[in-house]
Amino acid sequence: MTGSRRLTRLLAVIAGALCGLTACTGEPDPSPTSTTPVPSASTAASPTWPPPRPTIRTGEEACGGSAFNPRAVRPYNPDGPAYAGAPIHLTALFVMHPYASGELESELPGEWQAQWHPGMYPEQYTQLVVCEYFDDDYQSKKVETCTYNTSTGGKKTAELRSARFIYRIFEAKTGKQVSRFTLPGRVNSCPAVVYGAAGGAHYQLVLNEELTAKLRPLVMARRPG
């Protein structure tokens with residue numbers, strides 16, 4: 001046998017041995033199948049943004065109207081937290097009478113108010129609703145005469161009268177009344193400047209410190225649940 005024939009036969013033997021170890025189909029080997037699961041469209045869906053606004057009712061709805069009607073009371077935020085657990089129980093105050101001017105209107109401590117809570121729609125974290133009503137059954141009397149400046153540079157007088165206010169406190173989630181009390185007015189509410197028609201009567205308003213002290217046991221107490 002010539003040398004060239006021996007070389008050809010040797011190469012054939014080597015090729016046959018290699019074909020015994022691997023598939024000699026002439027086609028490339030298929031890629032290995034991945035075992036990593038691919039998330040479906042339903043599991044990969046992103047949350048809605050911004051989130052839908054929760055149900056937050058007006059002060060008039062939560063308090064039962066400007067003239068109080070117990071049957072008209074509605075939960076302020078029915079999907080919110082119950083009045084339970086550790087303080088602070090965030091609280092919303094609604095003044096349901098026209099006698100308080102903006103600068104003298106009752107106000108709660110900032111850390112009690114849901115509007116300072118971080119995040120969108122902070123009102124949804126409110127646990128208590130405080131409704132301030134003028135007590136029409138109280139026998140009001142003249143305290144003093146107020147003299148104030150008008151917008152035209154003149155002076156006018158008006159009566160400053162005593163007053164008492166009713167506070168009804170409701171659980172924001174359920175609309176259930178949890179407390180009720182009254183407080184007398186002590187703050188002089190006569191304006192320094194009057195725009196337009198003057199005269200009439202003004203009523204003493206509640207001191208913020210007295211209202212805060214009365215509400216503190218409700219706002220700062222640990223509740224069952």
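User: What makes the link of Cys 63 and Cys 131 left-handed?

Analyst: In this predicted model, the angle about the S-S bond of Cys 63 and Cys 131 is -90°, and with that value the link is left-handed. The pair also ties together distant parts of the chain, since Cys 63 belongs to helix 2 (residues 59–63) and Cys 131 to strand 2, 68 residues apart.

User: How do you know that a disulfide joins Cys 63 to Cys 131?

Analyst: The cut-off asks for a pair of cysteine sulfur atoms within 2.5 Å, and the S to S distance of Cys 63 and Cys 131 is 2.0 Å, so this pair counts as a disulfide.

User: Why is Cys 63 called buried?

Analyst: Buried means under 20% relative accessible area, and Cys 63 has a value of 0%, so the term applies to Cys 63. Cys 131 also counts as buried, because its relative accessibility is 0%.

User: What is the handedness of the link of Cys 146 and Cys 190?

Analyst: With 75° about the S-S bond, this link is right-handed. Its S to S distance is 1.9 Å, and both Cys 146 and Cys 190 are buried.

User: Why do strand 1 and strand 6 stand at the edges?

Analyst: The open sheet has 4 strands in the order 1-2-5-6, with mixed pairing. Strand 1 (91–95) and strand 6 (177–184) each have a single partner strand, so one side of each is left without a neighbour in the sheet.

User: How do you know that strand 2 and strand 5 pair?

Analyst: Pairing needs at least two bridges, and strand 2 (residues 128–134) and strand 5 (residues 164–171) have 7 bridges in the antiparallel sense, so they qualify as a pair.

Conventions:
Residues are numbered from 1 along each chain as its sequence is written. This is a predicted model: local features need pLDDT of at least 70, side-chain atom pairs count only at pLDDT 80 or more; totals for chains, interfaces and linings use all residues. Side-chain values use heavy atoms; hydrogens and water are left out. Helices (H or I, at least four residues) and strands (E, at least two) are DSSP runs, numbered from the N terminus. Buried means under 20% relative accessible area, exposed over 50%, partly exposed in between (1.4 Å probe, protein chains only).
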